[in-house]
Amino acid sequence: MSAHTTDMPPKQRFKISKRYLPYVLSLPALLVCIGILIPFFTAVAYSLQRYRLSQPWARQYNWGENYLNFMTDPAFWNTLQVSLTYAFLTVGIELLLGLGIALLLQKRTRFNNFVSIMLLMPLMTAPALASLMWKLMTNPGFGVLSYWATLIGIDDMRWASDPSTAMLTVVLVDVWVYTPFIMILLLAGLRSLPRQPFEAAELDGVPRLFVFWKITLPMLTPFLLTAVLFRVIESIQQFDIIYAMTQGGPGDKLTVFQVEAYLNFFQSTNVGRSAALLMILWVITYILSTIFIKNWLRLRERARGEA
Amino acid sequence: MQSVSTLERVLRGTALSLVIFFFMFPIFWIFLMSFQTNETILRVPPSMVFEPTLTNYRSLISGTLEGSTATLEIRFMGNLYNSLFLSVTSVTVGLLLGVPAAYAFAKLKFRGSEDIAFTLLSFRFAPPLLVLLPLTIYFQKIGLADTYVGLIWVYQLIVLPLILWIVRGYFEDIPSDIEYAHRIAGHGFWSTFTKIALPLAGPGIAAAGLLAFIFAWNNFIFALVLASADKQPVTVGALAFITASGINYGQIAAGIMLSIAPTFALALYAQRYLVEGLSLGAVKG
């Protein structure tokens with residue numbers, strides 16, 4: 001392009017490139033956008049079809065039937081309940097723990113910075129591998145955690161293979177992996193707060209608990225909201241940890257949305273039901289992510305304005 | 001700061017020790033396990049006293065697994081290579097495509113730019129299976145199933161939005177005056193981009209690249225759905241490895257250590273970029 005534009009006066013050259021340049025530069029991103037949208041709309045179509053890989057001849061549009069069937073399908077309500085429980089438990093625990101750790105490490109000392117970097121290690125671990133690590137530690141035969149359980153009087157702790165403790169086990173792995181994420185976000189938030197209100201409160205001798213509830217927490221709210229929304233979006237679609245640990249079992253104890261959809265597609269080859277499940281999950285995450293992105297952009301604007 | 005009482009110091013110390021213990025112990029324990037034979041692993045009660053051995057790592061690297069009944073061929077190093085290859089190529093492709101696009105989104109506002117950026121970002125949060133399942137069917141039709149090219153393409157789904165959004169924020173922070181000054185001095189667009197914009201956004205590009213690499217390395221679901229055994233990265237390979245090796249727990253532990261070592265090393269080496277990238281450029285504290 002530059003070869004035949006060199007003869008033109010500079011001003012003209014600037015104009016031409018200005019008109020087409022953005023499109024040339026963002027073309028790949030556009031293509032990826034299309035590359036995502038095509039499978040997405042295909043999935044929408046699948047969700048409106050009676051479509052089983054094992055019976056391709058019976059494939060036809062049944063419109064809303066897959067969705068209507070969910071109303072009376074106990075497996076669907078189980079999936080919804082398990083997913084919400086998982087998201088609620090993981091994000092709740094991670095938020096409290098992450099906030100606590102961030103408050104402990106708030107002061108910028110060498111030691112605190114070192115600890116916060118060290119605590120990032122679980123977050124660097126692939127969730128699927130984290131599950132394997134915990135699997136080795138919770139093995140009923142030789143796992144160190146199973147041994148510790150016997151020390152406090154629980155002789156028959158079977159962790160992920162026991163229906164009553166399966167949820168607890170995967171939540172534990174999730175908390176181990178993702179608490180550092182919330183911690184690091186809140187730590188950055190805490191350290192970016194203006195100092196004046198805290199100094200004023202200290203001069204007046206305001207009790208620390210009061211300062212925390214009335215100053216720290218309200219000022220930290222945008223960061224808390226960002227962290228929580230981000231984690232809820234990810235947690236409600238958790239797949240890696242659960243699949244690597246139990247593949248959704250025992251029974252249907254841990255068949256969260258994506259695990260159930262995966263099993264539907266590859267085991268029962270029911271593409272229609274699988275796609276419909278994913279569509280419902282998509283609607284949930286889409287609403288949450290729209291709120292998240294808006295909130296996050298506002299936070300970024302503010303951070304930029306203050307900088 | 002208010003005066004800190006001894007009691008508070010003790011409480012803080014205890015809390016912090018518990019936190020460090022909870023988050024570090026699993027890594028420490030698996031690390032120890034990777035230097036043990038089955039005999040010492042299976043001891044009850046578990047103990048930290050043992051004679052360290054390198055056999056687990058040696059058999060992983062040589063690719064032969066001495067089982068109790070037979071010798072087994074394993075391709076763990078192949079998985080490790082796949083992880084490295086897939087992550088490095090995806091991030092390189094992602095940066096080549098994403099950085100110029102991020103610049104366009106940040107500096108040359110054009111019609112539809114916000115919509116494209118928003119669509120990309122909102123699909124970053126969409127369930128990956130929603131896109132993956134139809135893609136498996138498409139990929140089989142167009143011959144991309146179980147190829148590196150197909151996988152690298154799919155990896156762009158996570159790599160590209162990440163790079164786009166982080167780098168875009170950094171480009172937006174560059175005052176346009178600097179760029180105008182360079183252009184008025186008679187330099188073209190390309191020169192402005194490479195000599196002014198790129199160096200100034202350098203830290204952002206590094207942060208985005210680092211984070212994208214970690215996300216790609218740790219990804220599990222893409223390869224689980226789309227790759228067969230010889231294309232699988234360690235995350236998927238390790239799972240298959242557990243079933244194949246049966247009861248060679250020491251080797252499983254060694255495999256896990258080898259698989260998490262690269263991201264750990266990167267994180268330690270580039271911690272500043274990591275923290276910046278993780279907060280998504282949202283907070284600059």
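**Tyr57(B) counts as partly exposed, because 17 C-beta neighbours lie inside 10 Å.** Here a residue is buried if 20 or more other C-beta atoms lie within 10 Å of its own, exposed if 12 or fewer, and partly exposed in between, with C-beta atoms placed from the backbone. This is a predicted model, in which local features need pLDDT of at least 70 and side-chain atom pairs count only at pLDDT 80 or more, while totals for chains, interfaces and linings use all residues. Residues are numbered from 1 along each chain as its sequence is written, and chains are lettered from A and ligands numbered from 1 in the order in which they are written. You will find Tyr57(B) in helix 3 (residues 55-62) of chain B; helices (H or I, at least four residues) and strands (E, at least two) are DSSP runs, numbered from the N terminus. Phe22(B) is 35 residues away from Tyr57(B) along the chain, and 26 Å separate their C-alpha atoms.

**Helix 1 (residues 6-33) of chain B bends by about 45° at Met24(B).** The bend at a residue is the angle between axes fitted to the seven residues ending there and the seven starting there. Phe23(B), Pro26(B), Ile27(B), Ile30(B) and Met33(B) are its buried residues. Their cover includes helix 6 (121-124), helix 7 (127-137) and helix 9 of chain A, as well as helix 2 (38-41) and helix 13 (249-269) of chain B.

**Helix 6 (residues 128-142) of chain B bends by about 30° at Leu135(B).** Its 15 residues should span 21 Å at 1.5 Å a residue, and its end C-alpha atoms are 20 Å apart, which agrees. Have a look at the buried residues of this helix, among them Pro128(B), Leu129(B), Pro134(B), Leu135(B) and Phe139(B). Gly143(B), just after the helix, takes a positive phi of about 75°.

**Helix 11 (residues 208-236) of chain A spans only 36 Å between its end C-alpha atoms.** A straight helix of 29 residues would span 42 Å at 1.5 Å a residue. A kink of about 55° lies at Thr221(A), shortly before the proline Pro222(A). The buried residues of helix 11 of chain A include Leu220(A), Phe223(A), Phe230(A), Arg231(A) and Ile236(A). Thr226(A) has its place in this helix too, and counts as buried because of its 24 C-beta neighbours inside 10 Å. The C-alpha atom of Thr226(A) is separated by 9.6 Å from that of Leu186(A), 40 residues apart along the chain.

**Gln247(A) and Thr269(A) take positive phi values in loops of chain A.** Gln247(A) is in the loop between helix 12 (240-246) and helix 13 (257-266) of chain A, with phi near 55°, a positive value in a residue other than glycine. With 15 C-beta neighbours inside 10 Å, Gln247(A) counts as partly exposed. Thr269(A) belongs to the loop between helix 13 and helix 14 (271-306) of chain A, and its phi is near 45°. Thr269(A) also counts as partly exposed, with 14 C-beta neighbours inside 10 Å.

**The contact takes 77 residues from chain A and 77 residues from chain B.** Two residues are in contact if their C-beta atoms, placed from the backbone, lie within 7 Å. On the side of chain A that touches chain B, helix 2 (residues 10-47) of chain A supplies the largest share, 16 residues. That side of chain A divides into 58 nonpolar, 14 polar and five charged residues: Ala, Val, Leu, Ile, Met, Phe, Trp, Tyr, Cys and Pro count as nonpolar, Asp, Glu, Lys and Arg as charged, and the others, Gly among them, as polar.

**The largest nonpolar core has 166 residues.** Such a core is a set of buried Ala, Val, Leu, Ile, Met, Phe, Trp, Tyr and Cys residues joined through C-beta atoms within 7 Å. Among the residues with the most contacts inside it are Leu186(A), Leu278(A), Ala102(B) and Ile256(B). Helix 9 (residues 166-192) of chain A gives the most to this core, with 18 residues. Domain 1 (6-73) and domain 2 (76-282) of chain B both give residues to this core, so it lies between them; the domain bounds come from an automatic or database domain assignment. The centres of these two domains, taken over C-alpha atoms, are separated by 31 Å. Not counting residues up to four places away in sequence, Ala102(B) touches Ile163(B), Leu164(B), Val167(B), Arg168(B) and Phe171(B).

How values were computed. Expected span 1.5 Å × (residues − 1).
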